[in-house]
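This report goes through one protein model, region by region. Please keep the sequence and the 3D view open while reading.

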Amino acid sequence: MEDQVIEEDGAKLYDINLSQNILNPILETGLEGLPEAISSLINHTMLVERSQHLRASPYQRNSLRNGHANGFKNRCIESRLGAIELKVPQVRNSDIPFYPNTLE
């Protein structure tokens with residue numbers, strides 16, 4: 001699978017094709033795989049949001065960069081489908097506080 005490159009304000013942001021991470025849990029275990037598939041989708045969305053916030057993809061150096069990636073915090077959301085395990089990306093040294101819109 002190839003990465004798709006998205007350009008925003010001159011910064012290249014990388015969007016990874018997640019189709020297998022989303023489909024495989026459902027294909028392998030049926031509807032019981034939905035929490036894992038949703039987790040993959042939300043985690044990926046938060047990574048894209050962080051890249052957009054930082055105006056840089058991971059390990060990319062540029063003059064537009066607004067802070068740095070600073071790991072993840074684990075979070076579990078209980079839903080009717082079951083527990084959805086999330087890895088919420090963190091940011092440091094940014095002019096604007098970062099919290100993923102995905103979780104609001």
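Tyr 59 is found in the loop between α2 and β3; helices (H or I, at least four residues) and strands (E, at least two) are DSSP runs, numbered from the N terminus. The model is a predicted one, in which local features need pLDDT of at least 70, side-chain atom pairs count only at pLDDT 80 or more, and totals for chains, interfaces and linings use all residues. Residues are numbered from 1 along each chain as its sequence is written, and side-chain values use heavy atoms, with hydrogens and water left out.

Although Tyr 59 is not a glycine, its phi is positive, about 70 degrees. With a relative accessible area of 76%, Tyr 59 is exposed (buried means under 20% relative accessible area, exposed over 50%, partly exposed in between, with a 1.4 Å probe and protein chains only). Arg 55 is placed in the loop between α2 and β3 and follows α2. Arg 55 is not a glycine either, yet has a positive phi of about 60 degrees. Arg 55 counts as partly exposed because its relative accessibility is 30%.

## Overall make-up

The protein has 2 helices and 4 strands, in the order β-β-α-α-β-β from the N terminus on. Of its 104 residues, 30% are buried. Contact means heavy atoms within 4.5 Å. Among contacts between residues at least 6 apart in sequence, 46% join residues at least 24 apart.

## Helix α2

α2 has 21 residues, and at 1.5 Å a residue it should span 30 Å; its end C-alpha atoms are 30 Å apart, which agrees. The expected span is 1.5 Å times one less than the number of residues in the helix. The buried residues of α2 include Pro 35, Ser 39, Ile 42, Asn 43, Met 46 and Arg 50.

A nonpolar core is a set of buried Ala, Val, Leu, Ile, Met, Phe, Trp, Tyr and Cys residues joined through side-chain atoms within 4.5 Å. The largest one has 6 residues: Ile 42, Met 46, Ile 84, Leu 86, Val 88 and Leu 103. α2 and β4 (82-92) are the elements that give two or more residues to this core, and β4 supplies the largest share, 3 residues. In soluble globular proteins, nonpolar side chains tend to be buried together.

Leaving aside neighbours within four places in sequence, Ile 84 is in contact with Pro 35, Ile 38, Ser 39, Arg 75, Cys 76, Ile 77 and Ser 79. Glu 85 lies in strand β4. With the neighbours within four places again left aside, Glu 85 is in contact with Ser 39, Asn 43, Arg 75 and Cys 76. Glu 85 and Arg 75 are 10 residues apart in sequence and 6.1 Å apart in space, C-alpha to C-alpha.

## The largest pocket

On a 1 Å grid over the protein atoms alone, a pocket is an open set of points where a 1.4 Å probe fits, with protein on both sides within 12 Å along at least five of seven lines; lining residues have an atom within 4 Å of a point. The largest pocket holds about 250 Å³ of space, where the volume is the space filled by probe spheres set on the points, and grid points are joined across faces, edges and corners.

Its lining has 13 residues, with Arg 50, Pro 58, Tyr 59, Arg 65 and Ala 69 nearest the centre. The elements that give two or more residues to this lining are α2 (34-54) and β3 (68-79). The lining divides into 6 nonpolar, 3 polar and 4 charged residues (Ala, Val, Leu, Ile, Met, Phe, Trp, Tyr, Cys and Pro count as nonpolar, Asp, Glu, Lys and Arg as charged, and the others, Gly among them, as polar).
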